[in-house]
Amino acid sequence: MGTVHAKAQADNVSTVGGLFELDEPETLEVAISKPTIKLNGVRARVDRVHVDGLSRTKDDIVRSAVDELFHATDFEDVILKAHKARRSLDSLGCFKDIGVYIDVSNGPGSTPEGLEVTFQVRELSRIVGGINTTVSENEGNLVLGVRLPNVAGRGERVSAEYSLGHRSSSNFSVAATKPFPKSALQPVVTTSVYQQNHEYPWSGYRLLDRGVLLDVAFRTSPATKHNLQWEGMVRDASVLSKTTSFKVRESSGPVLKSVIRHIVTVDHRDEAIFPTHGTWVQFSSELAGLGGGVANIKTELQAEANKEIVPGVVVQLTGAAGVLHDVFGTEIPELFYLGGPATIRGFQQRGAGPHCDGLATGGTMYWASGLHLYTPLPFQPGKGGLGELFRSHLFLNGGCLAHPEEKTQAIIESLSSVRVSCGAGVALRLGRVARVELNYCFPLRAAAGDAPAPGIQLGVSAHFL
């Protein structure tokens, strides 16, 4: 087979020279294209693999990440497997920089067609801190975090985060993560303890959650990710003002909740924020009631399809649907809501659906969809630079929400009472995780009790309908 040499890098070691130097972008999702030069006829094998720069990282997980290199049969295969090994090393979460070098094998044990592959790595610091931003329900959050990477030498990490939103929301969490890279599905187990405090003025209540979340994430294919979760929490809802309706007040007070959840995501898009082609589907199902004072079954499906009709012009079709079956104890904070710049545009936040005294009270069944057209900005200012972060946006949204107290026939009628809006605007990409939309909206159809919001609407979210 071959030999793996893992050693710490001395300060005076010079850069290793070689025939080829492979440097891959940090994004792991980018598919590796095969070289244009025909190298599959050049016979080659890997005699040795060196990993320079190790300190805390254990040899066994490094060996499992690079072992496939010894099965290469030609030069092209060596290059592709070296890229794959680099991705495997990067996915361990132990290194901040990985360089790959390929050279002719020499010394004892060398073969005429043998090569030596050297990985030069730089391990992450023992403590990593940072400040970043996230988005939730049309709300921006400032996040302060500290992380202890590679605690025990096999990719384990402990992190703590505190976030503060611009609408008086605050979150705090401590999480411990343990990957299992040598297992079949390479699962990642995360245990977190959290406290979340959010205000929902559109429904008239404040929500304080304290709980524990156990998450097991794994992939059954490169595009398919699964999350199996158990969550136990104490949910405490309280009213925001003296004028809050009695219907909302009935849902106030603490309650213990235990949830088992499965989320499967299939992502074939070329990128997450402004894709030009591909589909994305996410299906989540959860069962509450194995302990606690809430019991229900909740399922939700979200999907997205993209097609580039001419260079730079993308048509996008989105859809979502959800069903909640209440067994006992389900209150207003558990229900579905529609309306706002991230769902049905042209309505206030939670403005499409059942209301009581001007406050959104949610529903147990919904469907919604959207048809979008994304184009470059007119005259393409800043093409190849800042202008690539912007898109012109045309949209048509529709959907409806059924009231939890309605009977079967009334629910069907509610799901047929479609809210429709259209409009145009500009979308701005925020990194690779979220975007901002500034749209001028025209509500075309609304139901009695809805809260339409014609005119300019600003939205911030990681996922838009």
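Where pLDDT is low, the predicted coordinates should not be read in detail.

This is a predicted model, in which local features need pLDDT of at least 70 and side-chain atom pairs count only at pLDDT 80 or more, while totals for chains, interfaces and linings use all residues. Residues are numbered from 1 along each chain as its sequence is written, and side-chain values use heavy atoms, with hydrogens and water left out.

**The whole chain**

Next, colour the protein chain by pLDDT. The mean is 84, and 87% of the residues reach 70 or more. Among the elements, the lowest mean pLDDT, 43, belongs to strand 2 (residues 20-22), and the highest, 95, to strand 15 (residues 295-310).

A cartoon view shows four helices and 23 strands. These are DSSP runs numbered from the N terminus: helices are H or I with at least four residues, and strands are E with at least two. Of the 465 residues, 44% count as buried; buried means under 20% relative accessible area, exposed over 50%, and partly exposed in between, with a 1.4 Å probe and protein chains only. The chain exposes about 23,100 Å², of which carbon and sulfur atoms supply 58%; these areas come from the Shrake-Rupley method with a 1.4 Å probe. Among contacts between residues at least 6 apart in sequence, 60% join residues at least 24 apart.

**The largest nonpolar core**

Now select Val-49, Leu-69, Leu-89, Val-117 and Phe-119. Of the 28 residues in the largest nonpolar core, these touch the most other members. A nonpolar core is a set of buried Ala, Val, Leu, Ile, Met, Phe, Trp, Tyr and Cys residues joined through side-chain atoms within 4.5 Å. Two or more residues of this core are given by each of strand 3 (45-52), helix 1, helix 2, strand 4 (95-104) and strand 5 (114-123). Helix 2 provides the largest share, six residues.

Centre the view on Val-117. Leaving aside residues up to four places away in sequence, Val-117 touches Val-46, Arg-48, Val-49, His-50, Leu-69, Val-78, Val-100, Tyr-101 and Ile-102. Apart from this core lies another, of 22 residues, among them Tyr-200, Ala-237, Ile-344 and Ala-352.

Select Asp-74, in the loop between helix 1 (59-66) and helix 2 (75-91). Asp-74 counts as buried because its relative accessibility is 14%. A polar atom of the Asp-74 side chain lies 2.8 Å from the backbone nitrogen of Asp-77.

**Salt bridges**

A salt bridge is a side-chain nitrogen of Lys or Arg within 4 Å of a carboxyl oxygen of Asp or Glu, and by this rule the count comes to 18.

Display Arg-345 and Glu-437, a salt bridge whose closest N and O atoms are 2.9 Å apart. Arg-345 lies in the loop between strand 16 (313-328) and strand 17 (355-356) and Glu-437 in strand 22 (residues 434-445), so the pair ties together parts that are 92 residues apart in sequence. Arg-345 is buried at a relative accessible area of 0%, and Glu-437 is buried at 1%.

Move to Arg-429 and Glu-271, whose salt bridge has its closest N and O atoms 3.2 Å apart. Arg-429 lies in strand 21 (residues 419-430) and Glu-271 in the loop between strand 13 (253-267) and strand 14 (278-292), so the pair ties together parts that are 158 residues apart in sequence. Arg-429 counts as buried at 19% relative accessibility, whereas Glu-271 counts as partly exposed at 24%.

**A salt-bridge network**

Finally, select Asp-209, Arg-235, Lys-257 and Glu-334, which are linked in a network of salt bridges. Glu-334 is found in the loop between strand 16 and strand 17 and is buried, with a relative accessible area of 6%. The side chain of Glu-334 makes polar contacts with those of Arg-235, at 3.0 Å, and Lys-257, at 2.4 Å. A polar contact is a pair of N or O atoms within 3.5 Å; within protein, one must be able to donate a hydrogen and the other to accept it, and residues adjacent in sequence count only if both atoms are side-chain atoms. Not counting residues up to four places away in sequence, Glu-334 touches Arg-235, Lys-257, Asn-296, Lys-298 and Leu-324.

Note on methods: pLDDT = per-residue confidence, 0-100. Contact = heavy atoms within 4.5 Å.
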